[in-house]
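Please look over the sequence and the structure shown here. A short briefing on selected parts of the chain follows.

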Amino acid sequence: MNDASASYDVIVIGGGPAGLTAAIALAQTGAKTALVARRAPYADNRTTALLGGSVDLLRQIEVWPRCEAEAAPLRTMRLVDDTGHLIRAPEVRFSCDEIGLEMFGYNIENRALMIALEQRAAELSGLTRFDDEADTACPAEAEVAIHTGGGTSLSARLVVGADGRQSLCREAAGIKVRRRELNQAALTFNVSHSRSHRNISTEFHTPQGPCVFVPLPGDRCSVVWVAAPKEAQRLIALGDDELSEAAEKQSHSILGRLRVEPGRHLFPLAIEQPRQFGSHRIVLVGEAAHVLPPIGAQGLNMGLRDAGDIADIVGQAIAANEDPGAPRVLKRYDSARRADVASRTFAIDIANRSLLSGFLPVQSLRAAGLHLIGSIGPLRRLAMREGLSPSWRPTRRVS
């Protein structure tokens with residue numbers, strides 16, 4: 001997969017989960033595709049809750065069967081108000097069987113997903129891999145020229161920027177970003193526990209943000225603990241015994257005795273949205289296109305929807321003998337992604353703000369909203385379906 005042919009239909013820059021998924025899906029459409037990304041051991045122990053539509057896409061690109069055995073089904077979502085506010089919301093449970101599903105999705109360690117993606121990418125004759133990094137991206141009228149750090153020159157009619165928050169592709173396209181720093185940080189780690197999680201994901205809403213315990217295979221969970229930066233720094237500095245005790249206390253011992261596993265990560269939270277999702281023959285996917293706090297498991301799931309949408313749109317353009325980097329094709333991608341990203345960002349931002357607010361009317365509205373969702377069946381089922389994937393999105397075609 002190292003054919004140095006210089007000209008492609010599409011070049012994907014960035015080899016994280018969204019970039020690899022985009023490259024595989026694009027190659028499967030018949031587009032002549034290149035992937036420019038370093039092969040690096042994925043030692044990170046972070047996890048992702050893949051919701052229904054993401055799993056469907058991974059099945060369609062023949063990735064899911066390679067990693068399904070290492071994922072834990074998510075059958076119940078439980079929200080617990082642990083704010084201590086004067087007005088508190090009732091506990092809400094969402095059960096997958098209420099909307100006719102066997103599970104909402106799966107939680108999987110990112111490294112297991114990455115191994116499966118890399119295996120599938122290596123099989124595709126229409127996908128050329130450059131184990132390198134893009135150094136420059138120069139859009140022109142008919143193509144985008146890419147020069148790598150290793151001295152390789154490539155060009156494509158369309159470039160897919162999956163190169164993260166500090167995106168070279170986004171800068172080359174001249175796409176501006178609206179960014180808002182949140183006065184919060186997320187601490188992530190995994191735990192083993194003495195009681196079964198019973199495939200229930202439990203999210204405790206605290207005055208500083210959510211703390212969620214998401215099932216992993218066996219008696220294990222991944223933890224995402226959102227807190228004020230100073231508190232998050234205090235937590236990450238604790239020894240294993242002290243952090244285990246703190247996590248058990250935060251979980252109200254619903255999982256019994258907890259034991260923190262090796263590997264912790266701490267990152268500041270922000271919200272980012274681009275002014276547009278494509279320009280000058282470059283489109284954005286994943287964190288190059290949107291950054292959200294880790295609430296409701298939306299981040300990578302949106303990135304995979306980006307990947308699926310650009311593959312569909314490029315496949316249709318090439319089948320119709322259209323230029324995949326033409327302005328009208330980029331406009332289709334922008335239209336496909338704008339409402340999804342905007343609606344998800346708005347909902348997560350409002351949910352997060354309502355947790356942090358000490359204003360009684362806001363607390364009352366939040367409590368009333370959760371009470372309605374918890375007690376009215378049709379509303380609860382609507383919330384579940386919309387949480388998995390926007391209902392107005394068309395079903396993806398299978399290539």
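Against which elements do the buried residues of α3 pack? They pack against α1 (17–28), β3 (47–51), α2 (52–60), β7 (105–109), β8 (127–130) and α7 (299–319). This is a predicted model, in which local features need pLDDT of at least 70 and side-chain atom pairs count only at pLDDT 80 or more, while totals for chains, interfaces and linings use all residues. Residues are numbered from 1 along each chain as its sequence is written, and side-chain values use heavy atoms, with hydrogens and water left out.

**Whole chain**

- The chain has 10 helices and 19 strands (DSSP runs numbered from the N terminus: helices are H or I with at least four residues, strands are E with at least two).
- Of its 399 residues, 53% count as buried (buried means under 20% relative accessible area, exposed over 50%, and partly exposed in between, with a 1.4 Å probe and protein chains only).
- Among contacts (heavy atoms within 4.5 Å) with a separation of 6 or more, 74% are between residues 24 or more positions apart.
- The accessible surface of the chain is about 17000 Å², and carbon and sulfur atoms hold 53% of that surface (areas come from the Shrake-Rupley method with a 1.4 Å probe; for residues, only the protein chains shown count as cover).

**Helix α3**

- Helix α3 covers residues 110–123, and its 14 residues should span 20 Å at 1.5 Å a residue; the end C-alpha atoms are 20 Å apart, which agrees (the expected span is 1.5 Å times one less than the number of residues).
- The buried residues in α3 are N110, A112, L113, M114, A116, L117, R120 and A121.

**Strand β14 and its partners**

- In strand β14 (residues 209–216), eight of the eight residues are buried.
- β14 runs antiparallel to strand β13 (residues 200–206), and five bridges join them (two strands pair if DSSP finds at least two bridges between them).
- T206 has G209 in β14 as its bridge partner, and two residues lie between the strands of this β13–β14 hairpin.
- With strand β15 (residues 220–227), β14 pairs in the antiparallel sense over six bridges, where P215 stands opposite C221.
- The β14–β15 hairpin has three residues between its strands, and G218 in the turn has a positive phi of about 75°.

**Residue T148**

- T148 lies in strand β10 (residues 144–148).
- The relative accessible area of T148 is 5%, so T148 is buried.
- The side chains of T148 and D132 are joined by a polar contact of 2.6 Å (a pair of N or O atoms within 3.5 Å; within protein, one must be able to donate a hydrogen and the other to accept it, and residues adjacent in sequence count only if both atoms are side-chain atoms).
- Leaving aside neighbours within four places in sequence, T148 is in contact with V36, D132, E133, A134 and D135.
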